[in-house]
There are 2 protein chains.
Amino acid sequence: MTIDDLKTPCLILDADRMERNIARLRGRLDKFGVTLRPHLKTAKSIEVAQKVMSSPQGPATVSTLREAEFFASAGVNDLIYAVGIVPWKLAKVIELRRGGCDLAVVLDTVEQAEAVTAASVEAGIAIPALIEIDCDGHRSGVLPHDTKRLVDIAAALTKGGELRGVLTHAGGSYTAQGTEALQRCAEEERLAVVDAATTLRDAGHACPVVSVGSTPTAHNATNLDGVTEVRAGVFVFFDLVMAGIGICQIDDIALSVLGTVIGHQEEKGWILIDAGWMAMSRDRGTAKQAVDQGYGIVCDSTGKPFADIILADANQEHGIIAVRPGSDATLPYLKIGDRVRILPNHACATGAQHQSYHVVRGNDDLVEGEWPRFGGW
Amino acid sequence: MTIDDLKTPCLILDADRMERNIARLRGRLDKFGVTLRPHLKTAKSIEVAQKVMSSPQGPATVSTLREAEFFASAGVNDLIYAVGIVPWKLAKVIELRRGGCDLAVVLDTVEQAEAVTAASVEAGIAIPALIEIDCDGHRSGVLPHDTKRLVDIAAALTKGGELRGVLTHAGGSYTAQGTEALQRCAEEERLAVVDAATTLRDAGHACPVVSVGSTPTAHNATNLDGVTEVRAGVFVFFDLVMAGIGICQIDDIALSVLGTVIGHQEEKGWILIDAGWMAMSRDRGTAKQAVDQGYGIVCDSTGKPFADIILADANQEHGIIAVRPGSDATLPYLKIGDRVRILPNHACATGAQHQSYHVVRGNDDLVEGEWPRFGGW
């Protein structure tokens, strides 16, 4: 089967690029001697997971209990569910732990720690938890120097649960600009968890795991002293947001959406395709960057970008190809039925719109396989 | 089962509101004596389709061949696939027509008409096609007064295909403000197809179907003379974008996402929930409206909105609840594990993130059923 045989719109994964992206981050982290715990929320595919994890058993990170359940049933036995836990979700955590998966949870309040301890005692299974640290005011977590809250959570946990360690995510790094700013994000991320771990150790807790993670900081950290593991997700595919902040080049982006030309509006300089926002997602993550890529960069069917041609707008099942505003480029000649590939703003969001990856390598048009994706919670 | 038994995040459908929304548009169109051909791309559910269609057999509109296949296999036998056709998709159209579904296609070029005719002749089945008309410069279609192109397409079609009629979609109406502007959109939409149909009839073509459709124009048209049918989709659920342009009230919105509180950042005035953009979609359709609703309006678990409380930001599986900027409202007291419902910006996009609807009625917490949704192409 070749790309020309695929129904459109569909998702194309360039395995060469993906393998290069994985080798690049793994090589980088190996030099620091830290573990890569990839975030599987980006791919939601066992085939991709097996490429990106250090072993078929993990370790890895997940963002939903559905992911935990799926990957545990596929033999992954070392997982962190990296979204704040709530009491009623602990029954599923216990079920997966009983099945042999070392699934750890994340929390940032005494209330959650007490619930983890209570559930652990009731089940006769100590549920391991990591305390989430807020390194940049981006989302959830305890401030790294809030000693009382850290120690209170640890104390509540160790009455029957298990304090596995501390964890943070430098979400702010996605909007940082330039190497210096990214290196600063990475160092703030590191210091936040290392300081919190020191506080907990000073209070008598072992705190074995010190976990950081975001693709921008993983690729820019210059010091990972005290860090035991790095979580990152989007590095496996990369996307235009990552290219926009300089973490990758356009030709590192492994994911694209294949679409077919369905019409033209010549007076307007538009080519219409059958890939709209349902296929691309509504993500407009490059809108606030220096270069707004619309809904994505348009490439020919082999994946080679047309200069300054973007998916300028999208309806549910219609995409509008146009010259980038301000450019004097010419619209390529594409007739009805021709195929194009669109590089996405955000790989996690675009991937989620599809049920499988069609796997190609470089500009070879052979489709070497179809890998299913899953969704839901 | 009650709402408290549901795993979160998940999609809630208030069937009372949905039925009221359906009755409202149907009652309006009945007065004009035109057929409602609902667009099933919003719901992608046979249970909703059966409520919104005039009969179990249709008529209805679809945006993908996957939808056509699904609804045809469920007994719907009168469909328009309302996205420009390309030659290789005609094999599936013929297959569905052979199976007993009167599936019509849409096109706007002589090239497509010739492909439809060629496929019709080869299969021995006349494929009906509607010529798409561009009523407002929004997307695809022939300009209504481009007589030569209209007549050339019709001539190409009638050599073996079938000219079913003309069709347009007033996409521009989604950004219109006020009744007068909306009524003008509706009249422009009507005139575009009525004029095109007149041109075709003058050239000797019957042109039986004259099809318009968008939720804003369907609810604002004051004259539908010459129109035979109205397509509309989002009216079945409504959403904040529709409320923002005055087509519905907030308490007409039938779709919401149920989420659970997973944390607080008190200093920032944030409540975190487990419904992020994966559950809401990345749609920010209210961002350019007079009132920006963020990722949605926050309601209690019975669906009653908190005044001026919105989902201010979203990560993949984290939603951030905050007071609307500029408001002096107070954040509600919500503890970890409490549930909220979020009214979405765009029902089509939010629905697409989920695999089923959990059906409730009004503020009763009883869940009377779970209706599956499908996706893909």
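User: What do the buried residues of helix 6 of chain B pack against?

Analyst: In this predicted model, they pack against helix 5, strand 6 (128–133), strand 7 (162–168) and helix 7 (179–202) of chain B.

User: Which residues of helix 6 of chain B are buried?

Analyst: Helix 6 spans residues 147–157, and its buried residues are B:Leu150, B:Ile153, B:Ala154, B:Ala156 and B:Leu157.

User: What puts them on the same side of helix 6 of chain B?

Analyst: The arc does. They cover only 165° around the axis, so they sit on the same side of helix 6 of chain B.

User: Why is B:Asp274 called buried?

Analyst: The cut-off is 20 or more other C-beta atoms within 10 Å. B:Asp274 has 28, so B:Asp274 is buried.

User: Where is B:Asp274 found?

Analyst: B:Asp274 lies in a loop of chain B, between strand 11 (270–273) and helix 10 (277–280).

User: Which residues does B:Asp274 touch, not counting those up to four places away in sequence?

Analyst: From chain A, B:Asp274 touches A:Val83. From chain B, the partners are B:Thr8, B:Pro9, B:Gly259, B:Thr260, B:Ile262 and B:Glu317. A contact here requires C-beta atoms within 7 Å.

User: How many residues separate B:Asp274 and B:Ile320 in sequence, and what is the C-alpha to C-alpha separation in space?

Analyst: They are 46 residues apart in sequence and 9.1 Å apart in space.

User: How many residues of chain B are in contact with chain A, and which elements of chain B give two or more?

Analyst: 41 residues of chain B are in contact with 42 residues of chain A. Helix 5 (110–123), strand 10 (255–265) and helix 11 (347–351) of chain B each give two or more. Strand 10 of chain B has the largest share, 4 residues.

User: What is the make-up by class of the side of chain B that touches chain A?

Analyst: That side has 14 nonpolar, 18 polar and 9 charged residues.

User: Into which domains is chain A divided, and how far apart are their C-alpha centres?

Analyst: Chain A has domain 1 (3–10 + 247–372) and domain 2 (15–236). The C-alpha centres of these two domains of chain A lie 33 Å apart. Their contact takes 13 residues from domain 1 of chain A and 17 residues from domain 2 of chain A.

User: What makes up the side of domain 1 of chain A that touches domain 2 of chain A?

Analyst: Helix 11 (347–351), strand 16 (356–360) and strand 17 (369–372) of chain A each supply at least two residues. Helix 11 of chain A gives the largest share, 3 residues. By class, this side of domain 1 of chain A has 9 nonpolar, 2 polar and 2 charged residues.

Note on methods:
Residues numbered from 1 in each chain as written. Chains lettered and ligands numbered in written order. Predicted model: local features only at pLDDT ≥ 70, side-chain atom pairs only at ≥ 80, totals over all residues. Nonpolar A, V, L, I, M, F, W, Y, C, P; charged D, E, K, R; others polar. Domains from an automatic or database assignment. Buried ≥ 20, exposed ≤ 12 C-beta atoms within 10 Å, placed from the backbone. Arc of directions from axis to C-beta.
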